[in-house]
Amino acid sequence: EQGSPSAIVAVAILRAGGWLPGGGLSPDRPGALATLRSPAVAAYPVATALHDLFSSGPRSSAECLSVLREHAGRGDPTALWALGVCRKLGPSFAPGLPPQNREEAFALLRRAAEQGHAVAQSNLGVAYTNGEGTDRDFSAAAVWFRTAAEQGLAQAQFNLGTIYENGHGVERNLANAAEWYRRAAEQGDANGQFFLGQCYQMGFGVERNLPMAAEWFHRAADQGHAQARDALSSARPPCSFSGCPFLAADGSQFCALHG
């Protein structure tokens with residue numbers, strides 16, 4: 001639902017947290033505020049409350065949370081998700097928020113997820129994976145990651161890839177892992193790009209292809225992915241192995257793969 005108020009609010013929150021695929025890995029509060037000033041959400045109280053929360057606007061954080069709680073109480077999935085994020089992260093997400101409460105956050109995220117909110121579904125998968133506000137349950141995490149991934153959410157596609165790579169809650173399947181990394185990578189998810197590069201580098205779930213690995217590492221590095229940058233660090237000379245696109249390991253003429 002690109003352009004809908006709920007989609008615009010989702011983009012703003014993801015941008016504020018630095019979680020937007022293709023948008024780099026750092027929080028972008030000015031970008032979030034600009035998104036929340038879109039005319040399409042001018043009449044949506046959840047958006048205006050978040051704008052005031054992020055900008056230290058005319059309303060206090062308590063007043064902004066009150067608006068979110070009011071709309072969450074009406075069953076608005078976007079308000080439920082936004083409130084869940086605020087309760088999960090607390091002041092680290094926006095100054096003035098009360099201390100985090102992961103049990104409350106989990107309950108809010110679950111209500112939003114059950115209404116089909118894709119990002120809440122992915123967040124719920126993370127909560128089950130890490131045991132945040134609930135017992136750790138990899139099988140439940142896999143279910144929610146898949147539910148969100150099938151809606152096209154890049155971060156869930158990446159997370160589902162890691163589930164398959166590690167065999168957490170599902171049977172280990174490297175081909176499935178590489179496919180879900182690919183879907184995330186093609187949407188600009190830097191983690192997906194780096195992990196897909198590793199799949200090509202090592203031949204995990206795909207045919208080994210070093211030039212393709214290097215291409216995906218470059219795409220991730222261009223977004224600031226530290227591990228991808230390390231893999232392509234200009235401080236090291238090229239690997240001396242014939243045709244290898246990687247850089248030599250420290251103190252060696254060969255990369256880690258050929259050393």
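Q: What makes the space of about 40 Å³ a cavity?
A: The largest cavity holds about 40 Å³ of space. The term denotes a set of points, on a 1 Å grid over the protein atoms alone, where a 1.4 Å probe fits but cannot get out; the volume is the space filled by probe spheres set on the points, which are joined across faces, edges and corners. The model is predicted: local features need pLDDT of at least 70 and side-chain atom pairs count only at pLDDT 80 or more, while totals for chains, interfaces and linings use all residues. Residues are numbered from 1 along each chain as its sequence is written, and side-chain values use heavy atoms, with hydrogens and water left out.

Q: Which residues are called the lining of the largest cavity?
A: They are K88, R102, A105, F106, L109, A127 and E132; a lining residue has an atom within 4 Å of a point. Helix α6 (residues 102–114) gives the most, with 4 residues.

Q: How is the lining of the largest cavity divided by class?
A: It has 4 nonpolar, no polar and 3 charged residues. Ala, Val, Leu, Ile, Met, Phe, Trp, Tyr, Cys and Pro count as nonpolar, Asp, Glu, Lys and Arg as charged, and the others, Gly among them, as polar.

Q: What makes the space of about 640 Å³ a pocket?
A: The second largest pocket, of about 640 Å³, is an open set of points with protein on both sides within 12 Å along at least five of seven lines. Among its 33 lining residues, the closest to its centre are W19, N123, V126, Q155 and N159.

Q: How do you know that the span of helix α1 agrees with its number of residues?
A: The expected span is 1.5 Å times one less than the number of residues. Helix α1 (residues 5–17) has 13 residues and should therefore span 18 Å; its end C-alpha atoms are 19 Å apart, which agrees. Helices are DSSP runs (H or I, at least four residues), numbered from the N terminus.

Q: Which residues of α1 are called buried?
A: I8, V9, A10, A12, I13, L14, A16 and G17 are buried, a term for under 20% relative accessible area (1.4 Å probe, protein chains only). Their cover includes α2 (29–36), α3 (45–55), α5, α7 and α9.

Q: What makes a set of residues a nonpolar core?
A: Its members are buried Ala, Val, Leu, Ile, Met, Phe, Trp, Tyr and Cys residues joined through side-chain atoms within 4.5 Å. The largest such core has 83 residues, and V9, I13 and F54 are among those with the most contacts inside it.

Conventions
Helices (H or I, at least four residues) and strands (E, at least two) are DSSP runs, numbered from the N terminus. Buried means under 20% relative accessible area, exposed over 50%, partly exposed in between (1.4 Å probe, protein chains only). Contact means heavy atoms within 4.5 Å.
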